[in-house]
Amino acid sequence: MAKYLLLKHYRGAPAPANDVPMDQWTPAEISAHVQYMQDFADRLEGTGEFVDSQALTPEGTFVRYDGEGRPPVTDGPFAETKDLIAGWMVIDVDSYERALEVAGELSAAPGAGGKPIHEWLELRPFLTAPHCVTE
């Protein structure tokens, strides 16, 4: 089994497919989307492929260490994950092909009007321990 991270981005769907930002959805559309996500996770849990998932709020702070005795620097000049990442899911599947299949299905979550949003998902494999080199 191999673990993958599926990152849900705030990019929205590729035009012209249901490219309505979530902040413009009705409460019922948001509820339907969240229910789809829960049902999807429940199905993966049943197959043993679900590890964890979380939705993220748009709030957040970018922080970095700025030297001994100095306060951390916050909100740098770069795009922040709070602007880019809406949530994530971790799956543990048998193959890369299965990970693609799961990500494709997750991308079909409903949005405005109950139509699939075809959102972009970033599929990233977990880094496995490097092989030790012996002489």
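You are looking at a predicted model, where local features need pLDDT of at least 70, side-chain atom pairs count only at pLDDT 80 or more, and totals for chains, interfaces and linings use all residues. Residues are numbered from 1 along each chain as its sequence is written, and side-chain values use heavy atoms, leaving out hydrogens and water.

Tyr36 and Phe40 form a stacked aromatic pair, 6.3 Å centre to centre with 10° between the planes (ring centres of Phe, Tyr or Trp, for Trp the six-membered ring, within 6.5 Å; stacked under 30 degrees, edge-to-face over 60, the rest tilted). They sit four residues apart in helix α1, so about one helical turn separates them.

Now pick Leu106, which touches Tyr36, Phe40 and Leu6, among others (contact means heavy atoms within 4.5 Å).

Then show helix α3, residues 96-106 (helices are DSSP runs of H or I, at least four residues; strands are runs of E, at least two, both numbered from the N terminus). Here Ala99, Val102, Ala103 and Leu106 are buried. They cover an arc of only 100° around the axis, so they lie on the same side of α3 (the arc is that of directions from the helix axis to the C-beta atoms). Their cover includes β1 (2-9), α1 (27-47), β5 (85-93) and β6 (121-125).

Conventions: Buried < 20%, exposed > 50% of the residue type's maximum accessible area, 1.4 Å probe, protein only. Lists of a residue's contacts leave out its neighbours within four places in sequence.
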